[in-house]
Amino acid sequence: QKTQFGSEAVNNTIFGVNTQINTQSEWLTRMANYLPGVQTEDPSNITFNAEGAYLLPGINKATEGYSYIDDFEDAQTNISLMDPNSWKFASTPGRPAGVSFNIHPYFPNGNQTDNLAFNNGRK
């Protein structure tokens with residue numbers, strides 16, 4: 001089965017752990033009371049939060065990990081190369097590099113963009 005690029009089926013596995021511990025500590029309250037200027041009777045709280053995740057990537061067994069950028073088997077065109085009336089001239093090339101004058105050496109009518117002689121002189 002062919003799969004287009006960007007729409008592949010995935011077969012990933014995700015593991016995750018999340019934990020939270022919240023407890024009161026009389027020991028921490030007694031230690032805080034040894035600090036100069038601190039005197040408290042309220043219990044101290046210790047809070048610990050941890051979270052972890054892991055993604056185990058997998059491949060789709062149906063496509064064996066392959067995807068196709070384009071599928072030319074289904075490509076169709078309505079242009080018939082057998083009909084010369086449907087052919088069109090391409091644009092006349094511009095001035096080549098290194099030529100200082102304004103006229104193309106092989107397409108002298110190439111600068112006449114508003115004239116029917118634009119494509120005359122093609123060799």
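## A bridge between two strands

Gln-24 has Asn-45 as its bridge partner in strand E2. The model that shows this pairing is a predicted one.

Strand E1 covers residues 13-25, and strand E2 covers residues 44-56. The two strands run antiparallel and are joined by 13 bridges.

## Ser-44

Ser-44 lies in strand E2. Its relative accessibility is 16%, and because the cut-off for buried is under 20%, Ser-44 counts as buried.

Apart from neighbours within four places in sequence, Ser-44 is in contact with Thr-23, Gln-24, Ser-25, Leu-28 and Thr-29. Among these, Gln-24 is the residue whose bridge partner in E2 is Asn-45.

## The protein as a whole

Read from the N terminus, the order of the elements is β-α-β.

The protein has 123 residues, and 11% of them are buried. Its accessible surface is about 11,200 Å². Carbon and sulfur atoms account for 55% of that surface.

Contacts in the protein can also be sorted by separation in sequence. Of those with a separation of 6 or more, 60% are between residues 24 or more positions apart.

Notes. Residues are numbered from 1 along each chain as its sequence is written. This is a predicted model: local features need pLDDT of at least 70, side-chain atom pairs count only at pLDDT 80 or more; totals for chains, interfaces and linings use all residues. Side-chain values use heavy atoms; hydrogens and water are left out. Buried means under 20% relative accessible area, exposed over 50%, partly exposed in between (1.4 Å probe, protein chains only). Helices (H or I, at least four residues) and strands (E, at least two) are DSSP runs, numbered from the N terminus. Two strands pair if DSSP finds at least two bridges between them. Contact means heavy atoms within 4.5 Å. Accessible areas come from the Shrake-Rupley method with a 1.4 Å probe; for residues, only the protein chains shown count as cover.
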